[in-house]
Amino acid sequence: MLYFTSDLHFNHQICYNYRKDHFKSLKDMNSTILYNITHTVPENSTLYILGDIFKADFLGVLKPMNYKLRILLGNHDRDYDKKLQKSGREWIKETIDMNDL
C-alpha cells in the first residue's frame, strides 16, 4: 500500500519553537511524529516522504521505519544525498510522476 507524508522536520529546533505548546521538547516532537507514522503505516508498505524531512542527524530517527522509503528531498534537506546513499537502507531520491501511480 502507498502512504504519503511531508514536512516532518525531525530535529528542527526552529520548527519546534513554533510548536512548544504541543510538545515538551524537541525529542518529544520527534517521538510523536515517529509514533504517529509507525502506528498509521503498516509494515512492508511504501512510504513517500515529500520533502523537509530532517535537520541534523536523521538516520537514527528513521531507522525504526520498516518501509520502502521513497524520498523527495526538500529545501531543508540540503546535502543529504551522500548520507542517504551510505545509510545501508533502501533510499530512493526521486520526483514523483502522479501518472505512474
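**Labels and the values behind them**

Q: Where does Ser 45 lie?
A: The model is a predicted one. In it, Ser 45 sits in the loop between α2 and β2 (46-50).

Q: Why is Ser 45 called buried?
A: Buried means under 20% relative accessible area. Ser 45 has 4% relative accessibility, so the residue counts as buried.

Q: What makes the approach of Pro 42 to Ser 45 a polar contact?
A: The cut-off for a pair of N or O atoms is 3.5 Å. The backbone oxygen of Pro 42 is 2.9 Å from a polar atom of the Ser 45 side chain, within that limit.

Q: Which residues does Ser 45 touch, not counting those up to four places away in sequence?
A: Ser 45 touches Met 1, Tyr 3, Tyr 67 and Lys 68.

Q: What about Thr 46: where is its place, and why is the residue called buried?
A: Thr 46 is in strand β2. Its relative accessible area is 15%, so Thr 46 is buried, the limit being under 20%. Leaving aside neighbours within four places in sequence, Thr 46 is in contact with Met 1, Leu 2, Tyr 3, Lys 68 and Arg 70.

Q: How many aromatic pairs does a search of the whole structure find?
A: The search finds one aromatic pair.

Q: What makes the pair of Phe 4 and Tyr 48 stacked?
A: Ring centres must lie within 6.5 Å to pair, and planes under 30 degrees apart count as stacked. Phe 4 and Tyr 48 have 4.8 Å centre to centre and 15 degrees between the planes, and form a stacked pair. The pair links distant parts of the chain, with Phe 4 in strand β1 (residues 2-5) and Tyr 48 in strand β2, 44 residues apart.

Q: Phe 4 and Tyr 48: buried or partly exposed?
A: Phe 4, at 41% relative accessibility, counts as partly exposed. Tyr 48, with a relative accessible area of 8%, is buried.

Q: How do you know that the length of α2 agrees with its number of residues?
A: At 1.5 Å a residue, the 13 residues of α2 should span 18 Å. The end C-alpha atoms of α2 are 18 Å apart, so the two values agree.

Q: Which residues of α2 are buried, and why are they said to be on the same side?
A: The buried residues are Leu 26, Met 29, Asn 30, Ile 33, Leu 34 and Ile 37. They cover an arc of only 125 degrees around the axis, which puts them on the same side of α2. An α-helix has 3.6 residues a turn, so residues three or four places apart point the same way.

Q: Which residues touch the most other members of the largest nonpolar core?
A: Of its 20 residues, they are Ile 37, Leu 47, Ile 53 and Met 65. Elements giving two or more residues to this core are α2, β2 and β3 (68-72). The most comes from α2, with five residues. Leaving aside neighbours within four places in sequence, Leu 47 has contacts that include Ile 37, Val 41, Met 65 and Leu 69.

Notes
Residues are numbered from 1 along each chain as its sequence is written. This is a predicted model: local features need pLDDT of at least 70, side-chain atom pairs count only at pLDDT 80 or more; totals for chains, interfaces and linings use all residues. Side-chain values use heavy atoms; hydrogens and water are left out. Helices (H or I, at least four residues) and strands (E, at least two) are DSSP runs, numbered from the N terminus. Buried means under 20% relative accessible area, exposed over 50%, partly exposed in between (1.4 Å probe, protein chains only). A polar contact is a pair of N or O atoms within 3.5 Å; within protein, one must be able to donate a hydrogen and the other to accept it, and residues adjacent in sequence count only if both atoms are side-chain atoms. Contact means heavy atoms within 4.5 Å. Rings of Phe, Tyr and Trp (its six-membered ring) pair if their centres lie within 6.5 Å; planes under 30 degrees apart count as stacked, over 60 as edge-to-face and the rest as tilted. The expected span of a helix is 1.5 Å times one less than its number of residues. The arc is that of the directions from the helix axis to the C-beta atoms. A nonpolar core is a set of buried Ala, Val, Leu, Ile, Met, Phe, Trp, Tyr and Cys residues joined through side-chain atoms within 4.5 Å.
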